[in-house]
Structures are given as C-alpha cells and as structure tokens.
Amino acid sequence: MHRTVSTLLSTKSPGRLAKLGNALGARRIDIATTGGAEWKHSGPVTLMIKDDWGAEPKNDLRAFADVMAKEELPWLIFRTVAVELRDEPGSLGAAATALDDINVYAVNVLSTDGNHAVVGLGVRPSQVATAIERLSAAGYRVHRAHHPHEPVEDDDSWWDEWDDRTERLIGLFDDDDVSPSDPRFYELT
Amino acid sequence: MHKTLSALVSAGGSPGKLAEFGKALGAADLDIEEIGGAEWVHDGPLCLVLREDGRDAMDRFATVCNDLHVPWLSFATVSVELNDVPGSLGDAAEVVGDLNIYGVLVRKPHGNRAVVDLAFQPDQADEAVARLKDKHYTANRKKHPDEPDDIDQWDERTLRLLPLWDDPGIDKDDPRFWEPA
C-alpha cells in the first residue's frame, strides 16, 4: 500500500526545499504529492513517493533513505489511509474525530472530484486496520491507499522492513531526551 | 489574494487536536480547499488554504485560533505549474533563491503536470513570481475573486510577528501567535 513520508525539513535558511528536491530529482525519485509548512524555521514536510512498492529498482524507498542519510534529514514513513470526504466545512474534523485515539501523523489531499475529496491520512502501520475499522463504522468510504501495481490484500502482507523501522523509532517521539533531529531518524541501519 | 495559512495545530501534540481544530473550522463555516502537513515529535504546523478567505472568513479563522490557542500566520500564495518529473519541485524552489518558502501544497495534478502552491512573505510574493516567470515558469499570485492583492491587516500581522521566529527566547506557541492584536 502507499505510504506517507514525514520529513523534518528544517528551513532555517532559504534553499532547503530546493536542496531536498534536487537531491531526490538526481536519484530520479518522483514525488506524487507533498504538503507542509514551517514554524520557527523548522517543520516537517509530508510527501508521497510515486514508486514506493515492489522490488528495487522500481521501488524508490531505499534510494530515498540514502538521500535522507546523506542530507542528514530525519524522516519516518507512515501508511496511508485514504478516506472520502464531502467538500464541506467540518468534514476533516469529523473524520479525525472518528479515529478517536489514533494519531494522524500526516494529512494530504490525494484527489478532488466535484464535491468530494479523497484525503490521505498517515497513521502508524500497526494502526491501519483499526483506523479503517473506525472510519468504516462511522460511515466513511475508506481504504488503504494502494500503489497501482500492488495487489489488493486484505491481510497485513504489505508489512515490510520500513514499517518495522517506523514502529521501532516512533517511541523516540515520546522521549524528552531525544532531539527531533536525532541521527537515528536518518542514519541507515 | 488567497493566503496560505500555517497553523501549529499539534503543538505539544496528542490525538484529537486535528479533530478539534477541524470541527471548530467547520462550526465557523470555514471550508478547507487544500491541506497538507505532518507532525514531528508531536509538533508540526498544518499548511492550509481556505476556499473562502476574504475579510470575514479571516476574522472567523483568527477567532477559532484564538479560542483554541493555535499559533498561526498567513502567507501569500504563489501558484506555479510544474512538470510531473523528478526534481521539478527542487528546480522551482532553486529559482526563488533567497526567498524563503514557508509552505508547499500540491494542487490540481493533471496528466503530467501539477499546480503547486508556494507560500511566501506577503511582501515577497511579487518578487517570487517575477523570478519564476524569468525562468519561464507559469506562475501567478493566487487571486481571490473579491479581494485585492494589496497588503492587508493579516499581511501586516505576519510581517510584524515573523521576526519573532528568529528569537530563540520566544516559544513556538507564544500567545502573540494566536491572540488578537
């Protein structure tokens, strides 16, 4: 299934977005969508990599990890749950409410069509199934965002080493002694 | 012109803040046209564009942020058309040079092109457009149908508060970022 990357792209100096964009471009890594902002010269940018499924070299995740290690940019990758929302005030808030205690680590608009929008919510790999259950129970049309070439599986056969990495590192978010730019968030293991 | 809003919704972070913020915007009849963002170590601003962000709507947005103590700033939106090829966003960002990009959102992907909205300081938007056009990009300030492109009270607020970002003694959620002026 498709993933949503969260990168801590510090923008303390102009040009950081250009630097990351050029580095990804040099490795021929194509971005499907991106969004984000900075606050006090720091802020995560979320992005979806177009080819993030299958075996290398078709799958760009390893190349992406190489770029982030070289640029020393922290990153984690979440799984994308795609939910269809009516294009009206409060619809995103209502969907987020349905998720209850599941944290949304990233949000992006994946597509718009008339008075509906498909919004991608980045959640922990271990919470994908529960997120879908809760949104479905609340009456939403929701599914795991699949790569176009990926077979649609109902089980968790999509789980891979990058999901292990996220689940291993996400606990560091709660450790006050761990810097937001701790090398573990970008070093290759 | 349309503004790009940067709102530090998840300061201190916990599940539920996106829900609380989204519902409050809905209660204020504010419709989100575009949104993107992530959090990192339980912090992270949302980047969003409201479908209607004229004077009345901005007043309501400011009230929501004040009620919820959500720090926010508004930036000028420049739309640039990019080819859907690796490196295109990096190339465009490089063209604007020393103008800082405060937010980025992909809008209207169609075929092998996409319109990307970049957020700039209100007083740097025209220069950003000029630099992009000089390199043959199709770029424009994102126009609001009923509002002029002149600097308004919210732009003045941004220009007044933005220097606080450079002061390490000022918290990211300093009340000045959400209290009425």
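# Reading strands, helices and a chain contact

Modeller: Let's begin with a pair of strands in this predicted model. Strand 4 of chain A and strand 6 (residues 116-123) of chain A run antiparallel and are joined by eight bridges.

Biologist: Happy to start there! Which residue of strand 6 of chain A is the bridge partner of Glu84(A)?

Modeller: That partner is Val118(A).

Biologist: Which other strands of chain A pair with strand 4 of chain A?

Modeller: Strand 1 of chain A pairs with strand 4 of chain A in the antiparallel sense, over five bridges. Here Arg3(A) has Arg79(A) as its bridge partner. Strand 7 (residues 142-144) of chain A also runs antiparallel to strand 4 of chain A, with three bridges between them.

Biologist: Now the two chains. How do I read the contact between them?

Modeller: Start with the residue counts, then ask which elements supply them. In this model, 49 residues of chain A are in contact with 47 residues of chain B. On the side of chain A, the elements giving two or more residues are strand 1 (3-8), helix 1 (16-26), strand 2 (31-37), strand 3 (44-49), helix 3 (91-98) and strand 5 (106-113). Helix 1 of chain A provides the largest share, eight residues.

Biologist: How many residues on that side of chain A are nonpolar, polar and charged?

Modeller: There are 25 nonpolar, 18 polar and six charged residues.

Biologist: Which strands pair between chain A and chain B?

Modeller: One such pairing is between strand 5 of chain A and strand 2 (residues 32-38) of chain B, which are antiparallel over three bridges. Within this pairing, Ala106(A) has Ala38(B) as its bridge partner.

Biologist: Can we zoom in on one residue? Where is Ala19(B), and which residues of chain A does it touch?

Modeller: Ala19(B) sits in helix 1 (residues 17-27) of chain B. Its contacts, leaving out residues up to four places away in sequence, are Gly93(A), Ala96(A) and Thr97(A).

Biologist: Why does Ala19(B) count as partly exposed?

Modeller: The count of neighbours decides the class. Ala19(B) is partly exposed because it has 19 C-beta neighbours inside 10 Å, while a residue needs 20 or more to be buried.

Biologist: How does helix 1 of chain B cross helix 2 of chain B?

Modeller: For a helix pair, look at distance, angle and handedness in turn. The axes of helix 1 and helix 2 (residues 55-68) of chain B come within 10 Å and cross at roughly 145°. The crossing is right-handed. Glu20(B), Phe21(B), Ala24(B) and Leu25(B) of helix 1 meet Val64(B), Asp67(B) and Leu68(B) of helix 2. Sorted by class, this contact has five nonpolar, no polar and two charged residues.

Biologist: Last one: what does chain B look like as a whole?

Modeller: Chain B has five helices and seven strands, in the order β-α-β-β-α-β-α-β-β-α-β-α. Its radius of gyration is 16 Å, close to the 16 Å from the globule rule for 181 residues, so chain B is as compact as a globular protein of that length. The C-alpha atoms fill a box of roughly 45 × 35 × 30 Å along the principal axes, and 46% of the residues of chain B count as buried.

Methods
Residues numbered from 1 in each chain as written. Chains lettered and ligands numbered in written order. Predicted model: local features only at pLDDT ≥ 70, side-chain atom pairs only at ≥ 80, totals over all residues. Helix = DSSP H or I, 4+ residues; strand = E, 2+ residues; numbered from the N terminus. Buried ≥ 20, exposed ≤ 12 C-beta atoms within 10 Å, placed from the backbone. Contact = placed C-beta atoms within 7 Å. Nonpolar A, V, L, I, M, F, W, Y, C, P; charged D, E, K, R; others polar. Pairing = 2+ DSSP bridges. Axes fitted to C-alpha atoms, helices over the stretch in contact; angles between N-to-C directions. Left-handed = near helix turned anticlockwise from the far one by under 90°. Rg over C-alpha atoms; globule rule 2.2 N^0.38 Å.
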